[in-house]
Amino acid sequence: MIIDINFIGLIIASIMASAVPLILASCGELITERSGVLNLGVEGMMIIGAISGFALMTVTGSLIIAIFGAMLAGVLISTIFAFLTQTLITNHVATGLALTIFGIGISAMIGKNFVGIPGKEFPVLFQGLKDTIPLLGPILFGHSIVFYFAFALPFITSYFLKKTKIGLIVRAVGDSPESASNQGINVRLVRYACILYGGAMSGLAGAYLSMIYTPQWIENMTGGRGWIALALVVFSTWNPIKILIGAMIFGGLTIIQFHMQAIGVRIPVQFLTALPYIVTIIVLVVISRDSRKIRLSTPSSLGKSFHKDN
Amino acid sequence: MIKIVKRDQPSRAIFFFTPVLAIFLTLVAGGLIFFILGFKPFEALKFFFIVPIADKYGFSELLLKATPLCLIAIGLSFCFKSNNWNIGAEGQLTFGAIVSGGVALLFYEQEGFYILPIVILAGAIGGMLYASIPAILKTYFNTNEILVSLMLVYVSKLILDYLVVGPWSNPEGFNFPETRQFSDSAKLPLLFEGLRIHAGIFLALAAVVISWFVFYKTYLGFQMKVSGFSLKTAKYAGYKGKKMIILVFLISGACAGLAGVGEITGPIGQLHREISPDYGFTAIIVAFLGRLHPVGIIFASLVVAITYLGAETAQIFMQIPKYTGQVFQGMILFFLLASDYLLFFKIKFIGLKK
């Protein structure tokens, strides 16, 4: 059997493409969680981003407006979450669930008029270079700007958290809101900002799905990716670089399905589709078994409300 | 001037008032959304909340939808009271339905009084088995139960899909994704001629009574309350945390499994692809809206069940998309959580002082 080396390159590139939404949403959620806030609404924010991006693209015809509009939609919907959890001090888990249920409903409501409309072609960069280098060509070139941004994001996030002053403030707020507050840091403001940033990234992740990855609107098209993104944050032990590894594993599982079917492996399609979810559970178990390690890397105040008496 | 003051103690009166406030605010916001969409808000709300339950048939449908919601929410309240975030009831419902459906198919074309109890029991066991996965992983492997129980929802639906398309599909069914019809002995009896309401409602009512007894009359109920209030106190008091976590998950799984039994052995009488319109997720809202109190959950399940019916009616009569139901459900939870602020804080209106 002769395997074309460029074919392997294409498979790797397709794995990377399916990892993009996971990386974007996880990196956003990672910042939110690092500030001590657990937002379980990722799935809801993603689907809102997906319909907003697609709808704006169809109505305005502008890809730039659509991409930024999707991010703004993610910010707006996460503002509800931020207001509830930070200003009204509601429970993070319940509020996040409400956000997901609400988001799925609203997106389907808006999306009713956009079902079946074909998407637009999204421009790719460096298309001409694709065939110049064997194997690496298809991996490195010919992708959308969002794709490149996603693969840079874990490194940017890591740099931000470790090397910048604002990153330090975010970590301080997540690890010890009391002492951060005593240092004169406005805990609530920092957490608001981190929640809205998470919303923007989830919105972008959704827009990537509906505008670039499968350019069309399908109800519920995020299909649990938001939840996998949440699991990836635990998998990474809150380290952005490891998100990259996790997202590639899950991207790989998604892509393997298609190829296994193509070469005629006789495994029920449902089993292959269930694989990413089952692997998520197994990975969570393996990572969490060491409770000391988890405790050391989890932001200490994660999911706990902070209220300062005035 | 407005001043916000922290209450010394959460107000008990407001504890039961805020769900009503949340429902009212949801109606207002819903009317606003209808207005934005270009409908007459009052007319739309009427089609949503009054028309569907105006006749005998509608009322039966209301109870039909409220039954699984109530049953699952009762189970979830055991978990939520003790600080266990089981959000995968939808998966436990599906797996319970698979197991009980499998047993019902074993009795294909057989009759006998003993069949139905076995089918019901199988559903409860199925739900318990499925709920035990996140419980055991949480207690012995320190794994986050939220993510595990949720991932298992997707897995259960794919198992169901595999079974009804593949090995369990009706051989005379022209490849429709559904099983054979269960025999009459494996079906829950209908209560009234011409209406779809079935005996499953008694399962829900039994769950309400039993849970009330456990919560308020037993040591276990007390332990759950303490653990929910403060895990440290529970540990200090020497409660066996692991045993309790597993127990509440099993109870909650059994309830969800029973809800699954009701869905397939009730009016439908077979397994098919979509046995539940996300009852397992909606029940989370019901549990909160009912304040994790058995009686509260009865009322909450009726209120939330209307959103299902209303969405269907509004779609037929006004072409309002049926997802509006979900939007309403999300809003109820948002407003409920938000109005809980009044539990802990008092808003005082103070006149300007000179």
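# Chat about a two-chain model

Trainee: How many residues of chain B and chain A make the contact?

Mentor: Chain B gives 36 residues and chain A gives 40 residues. Two residues are in contact if their C-beta atoms, placed from the backbone, lie within 7 Å.

Trainee: Which helices of chain B supply at least two residues each to that side?

Mentor: α5 (115-141), α6 (145-165), α11 (279-289) and α13 (324-339) of chain B. Helices (H or I, at least four residues) and strands (E, at least two) are DSSP runs, numbered from the N terminus.

Trainee: What classes of residue are on the side of chain B that touches chain A?

Mentor: That side has 25 nonpolar, eight polar and three charged residues. Ala, Val, Leu, Ile, Met, Phe, Trp, Tyr, Cys and Pro count as nonpolar; Asp, Glu, Lys and Arg are charged; the others, Gly among them, are polar.

Trainee: What kind of model is this, and how is it numbered?

Mentor: It is a predicted model: local features need pLDDT of at least 70, side-chain atom pairs count only at pLDDT 80 or more, and totals for chains, interfaces and linings use all residues. Residues are numbered from 1 along each chain as its sequence is written, while chains are lettered from A and ligands numbered from 1 in the order in which they are written.

Trainee: What are the scores?

Mentor: The model has ipTM 0.89 and pTM 0.91. Chain B has a mean pLDDT of 90, and 99% of its residues reach 70 or more. pLDDT is the predictor's confidence in each residue, from 0 to 100.

Trainee: Which element of chain B has the lowest mean pLDDT?

Mentor: Strand β2(B), at 75. Helix α4 (residues 89-106) of chain B has the highest, 97. Where pLDDT is low, the predicted coordinates should not be read in detail.

Trainee: Stay with β2(B). What does it pair with?

Mentor: Strand β1 (residues 2-6) of chain B is joined to β2(B) by five bridges, and the two run antiparallel. Strands pair if DSSP finds at least two bridges between them. B:Ile2 stands opposite B:Phe349, and B:Val5 has B:Lys346 as its bridge partner.

Trainee: How many residues of β1(B) are buried?

Mentor: Zero of its five residues. For β2(B), residues 345-349, the count is also zero of five. A residue is buried if 20 or more other C-beta atoms lie within 10 Å of its own, exposed if 12 or fewer, and partly exposed in between.

Trainee: New topic. What's the overall build of chain B?

Mentor: Chain B has 14 helices and two strands. Its radius of gyration is 22 Å, close to the 20 Å that the globule rule gives for 354 residues, so chain B is as compact as a globular protein of that length. That radius is taken over C-alpha atoms, and the rule is 2.2 Å times the number of residues to the power 0.38. The C-alpha trace spans about 85 × 60 × 35 Å along its principal axes.

Trainee: How much of chain B is buried?

Mentor: 52% of its 354 residues.

Trainee: Which residues touch the most other members of the largest nonpolar core?

Mentor: A:Ile23, A:Leu24, B:Ile72 and B:Ala73, out of 203 residues in that core. Helix α9 (residues 187-213) of chain A gives the largest share, 15 residues. A nonpolar core is a set of buried Ala, Val, Leu, Ile, Met, Phe, Trp, Tyr and Cys residues joined through C-beta atoms within 7 Å.

Trainee: What about A:Ser26: buried or exposed?

Mentor: A:Ser26 is buried, because 37 other C-beta atoms lie within 10 Å. It sits in helix α1 (residues 5-34) of chain A. Leaving aside neighbours within four places in sequence, A:Ser26 is in contact with A:Ala229, A:Leu232, A:Val233, A:Ile243 and A:Ala247.

Trainee: And which residues does A:Ile23 contact?

Mentor: With the neighbours within four places in sequence left aside, A:Ile23 is in contact with A:Ala150, A:Leu153, A:Pro154, A:Ile243, A:Leu244 and A:Ala247.

Trainee: Last one. Which loop holds B:Asn83?

Mentor: The loop between α3 (56-81) and α4 of chain B. B:Asn83 has a positive phi of about 70° although it is not a glycine. Most residues other than glycine have a negative phi. B:Asn83 is partly exposed, because 15 other C-beta atoms lie within 10 Å.
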